[in-house]
Amino acid sequence: MRVHIATDHAAFELKNYLVEHLTRAGHEVVDHGADSYDALDDYPTFVIPCAKAVAEEKGIGIVLGGSGNGEQIAANKVRGIRAALACTSELARLSREHNDANIISMGGRMQSLEEAWEMVDIFLNTPFSGDERHQRRIDQITEHETKG
């Protein structure tokens, strides 16, 4: 699977950890940065291009920051993105199963590296349920996104 990933300084260590684990698991990783640690960098610089790539490819992605909140907000400003903030494996699973999320957002300061990998692994391996009620809600969101 091709996986897009981006972070600012606050989750730089987590991003590198996840890239290593994703690669080892056989995924093709597209790293949108940050490429080096810079305590003054800004997450939109990295997250928005990542989200655009996910939307264009109809792919899947991971955005990271200190809490994941700002990164989720930035990603969701890109048309076609359904970014979900996850701090547990259950939320990661439900974001795919019920919301067909195409980006998982996580905080580098919110869980251990191992817990983060578990959430990413679950996110990548959980399909959308396709249940009519969930699809209906996604369609309503998409309609608002495209028509206002």
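**Exercise 1. The pocket lining**

Task: In this predicted model, which elements each supply at least two residues of the lining of the largest pocket, and which gives the most?

Solution. 
- Step 1: Find the elements. β4 (83-85) and α6 (132-147) each contribute at least two lining residues.
- Step 2: α6 leads, with six residues in the lining.
- Step 3: Go to the centre. The lining counts 15 residues, and R82, N99, A101, I138 and I141 lie nearest the centre of the pocket.
- Step 4: Sort by class. Six lining residues are nonpolar, six are polar and three are charged.
- Step 5: The largest pocket holds about 220 Å³ of space.

**Exercise 2. The strand β5**

Solution. 
- Step 1: Check burial. Buried means under 20% relative accessible area.
- Step 2: Recall the rule. Side chains in a regular strand alternate between the two faces of the sheet.
- Step 3: Apply it. I103, S105 and G107 point one way from β5. I104 and M106 point the other way. Both sets are buried.

**Exercise 3. The neighbours of β5**

Task: How many bridges join β5 to β3, and how many pair it with β4?

Solution. 
- Step 1: Take β3. Five bridges link β3 and β5, and the two strands run parallel.
- Step 2: Pick out a pair. L64 sits opposite M106 of β5.
- Step 3: Take β4. Three bridges pair β4 with β5, again in the parallel sense.
- Step 4: A84 has I104 in β5 as its bridge partner.

**Exercise 4. The nonpolar cores**

Task: Which residues touch the most other members of the largest nonpolar core, and what does L22 touch?

Solution. 
- Step 1: The core has 22 residues, and L18, L22, I62, L64, I104, M106 and V120 touch the most other members.
- Step 2: Trace the elements. Two or more core residues come from each of β1 (2-7), α1 (12-24), β3 (60-65), β5 (103-107) and α5 (113-125).
- Step 3: Find the main contributor. α5 supplies the largest share, six residues.
- Step 4: Follow L22. Leaving out residues up to four places away in sequence, L22 touches V3, I5, H27, V29, I62, W117, V120 and L124.
- Step 5: Look for another core. A second, separate one has 16 residues, including A6, F12, A34 and A83.

Key
Residues numbered from 1 in each chain as written. Predicted model: local features only at pLDDT ≥ 70, side-chain atom pairs only at ≥ 80, totals over all residues. Heavy atoms only, no water. Core = buried A, V, L, I, M, F, W, Y, C linked by side-chain atoms within 4.5 Å. Buried < 20%, exposed > 50% of the residue type's maximum accessible area, 1.4 Å probe, protein only. Helix = DSSP H or I, 4+ residues; strand = E, 2+ residues; numbered from the N terminus. Contact = heavy atoms within 4.5 Å. 1 Å grid on protein atoms, 1.4 Å probe; cavity = no way out; pocket = protein on both sides within 12 Å on 5 of 7 lines; lining within 4 Å. Points joined across faces, edges and corners; volume = space filled by probe spheres on them. Nonpolar A, V, L, I, M, F, W, Y, C, P; charged D, E, K, R; others polar. Pairing = 2+ DSSP bridges.
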